[in-house]
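Me: I would like to go through the side-chain contacts of this protein with you. Could you take my questions one at a time?

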Amino acid sequence: MILVVLCVVVGALELYAGRQSKQQAAAFVRRVDELNEHVTKQNNVLVKVGEQLTAELSRVKRDVLPSLDSRLRDNTRQVEELAALVHRADEYLRAQAERLQELEQQRVTLAALRRKLAEVETSVRAVAEASARAADGGAGTAGGADVEAALERLAELERGGAEMLELQRALTRTLEEVEDVVAELLSFTEGELDDAVASALTARPRTGADGTSVNVIGRLWTRDGQLADILTEVYERCVRANRLRIRFRTTEAANGSSAADASDRRRYFLAGQRPEDLGGVFTALLISTGADLPREGSPGPGALARGRPGERVLPPGITPEPPPEDEAALKALLRALYESSGAVAQIGPLLAVRSRDELLCAVLTPPQSLELESDEVFWDPAAAAVRLRRLPSHQLWDLSLWAAGT
């Protein structure tokens, strides 16, 4: 009985062990099938990605690389042309430097000649006085006539030397202006060259929004020659205060000649800001400036009865905060314009006109600027003031009272 029981127990254990082994084998098979299915899916995904990469590489080889090669050739040709231009400009600058050195030597020679003529004139005058005292009769008269003729000749030579010196100074100033223009042209060319090289290296088109491309135009003209230098300095300070860079500037006379005159027309090519951004900035500045205008029968906003129009009277011991740099620069430009009997200043969309009776400012739209440019009224304060009076009220500011009160 014991043996039979043991055999039954052993058989039951063998059946249990066989059942467990079958379950483990089935679970292992299922796991292997799941892993196989997962690997198959991953393989399919990799195949799709490989096909997409292959198609993208084919498109790059077919479309991008040929256009990039042509763009590089074009940029290389432009770089070579700009390099040739820079080389010619450098040669021109060296030639002008040599010419300036020669003119300086001529100036020194003319100065020495003038001193020598002065010494000769002094000695001849002394001889003439001695001859006049010692001579008598006709001989003295003839000698005096000869001396007077010699003195007149010396005076003519002196006047001719003075004229030559003045011409040499004018030529020197002209050459200095040419040198400044060439230097600005070289700077502008170098900026364009850097932009072209960067565009070629990065394979990106030139967008013109890098702060170096010319975006807006500036103009400056005044009728008063004594204020021309001061007005130019104040104008360029206002340009820099509004985060603009002077890329290039030209000067031409009102009659189209290149001679220096009080009525020279100055053109500025500016970069660093877009016209629409400048329009908003100048509108805000003019609104702030116009807020200082006195009201009829009352002082300006925030001013007490003891203050001037537009001046805020603060309690003792309190220092007013200085205005922002762009606002201070614009007000300085407007005050300088008001001191002139006739002037025009433009910075992009901003146009300030000083006629004999008023000071007007306006923020123009591109079509309005083009219309004024076509009618050639930018350089005529009276005509420009008449045209500005036709603008809508939100674009025009009459600052005559403000400028007179400050």
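Predicted model: local features only at pLDDT ≥ 70, side-chain atom pairs only at ≥ 80, totals over all residues.

Reply: The answers below cover the core, the cysteines, the charged pairs and the rings.

Me: How many residues does the largest nonpolar core have?

Reply: The largest nonpolar core has 33 residues. Such a core is a set of buried Ala, Val, Leu, Ile, Met, Phe, Trp, Tyr and Cys residues joined through side-chain atoms within 4.5 Å. Buried means under 20% relative accessible area, exposed means over 50%, and partly exposed lies in between (1.4 Å probe, protein chains only). Among the residues with the most contacts inside this core are Tyr235, Leu286 and Leu399.

Me: And what does Leu286 touch?

Reply: Leu286 touches Leu330, Leu350, Cys361, Val363, Trp397 and Leu399, not counting residues up to four places away in sequence. Contact here means heavy atoms within 4.5 Å. A second, separate core of 16 residues includes Val344, Val353, Trp379 and Leu391.

Me: You mentioned a cysteine. How many disulfides are there?

Reply: The structure holds zero disulfides, a disulfide being a pair of cysteine sulfur atoms within 2.5 Å. Cys361 counts as buried because its relative accessibility is 0%. Cys238 is likewise buried, at 0% relative accessibility.

Me: New topic: how many salt bridges are there?

Reply: The count comes to 12 salt bridges. The rule asks for a side-chain nitrogen of Lys or Arg within 4 Å of a carboxyl oxygen of Asp or Glu.

Me: Which residue does Glu236 pair with?

Reply: Glu236 forms a salt bridge with Arg249, and their closest N and O atoms are 2.7 Å apart. This pair links distant parts of the chain, with Glu236 in helix H3 and Arg249 in strand S2 (residues 245-252), 13 residues apart. Helices (H or I, at least four residues) and strands (E, at least two) are DSSP runs, numbered from the N terminus.

Me: Is Glu236 buried or exposed?

Reply: Glu236 counts as buried, because its relative accessibility is 14%. Arg249 is partly exposed, with a relative accessible area of 26%.

Me: What about Glu34 and Arg31: how far apart are their closest N and O atoms?

Reply: In that salt bridge the closest N and O atoms are 3.5 Å apart. Glu34 and Arg31 are three residues apart in helix H1 (residues 2-134), so about one helical turn separates them.

Me: Which residues are linked in a network of salt bridges?

Reply: Arg274, Glu276 and Asp277 are linked in such a network. Within it, the side chains of Glu276 and Arg274 meet at 3.6 Å, N to O.

Me: Turning to rings, how many aromatic pairs are there?

Reply: The count comes to one aromatic pair. The rings of Tyr235 and Tyr268 have their centres 4.9 Å apart and their planes at 40°, so the pair is tilted. Rings of Phe, Tyr and Trp (its six-membered ring) pair if their centres lie within 6.5 Å; planes under 30 degrees apart count as stacked, over 60 as edge-to-face and the rest as tilted. Tyr235 and Tyr268 are both buried.

How values were computed: Residues numbered from 1 in each chain as written. Heavy atoms only, no water.
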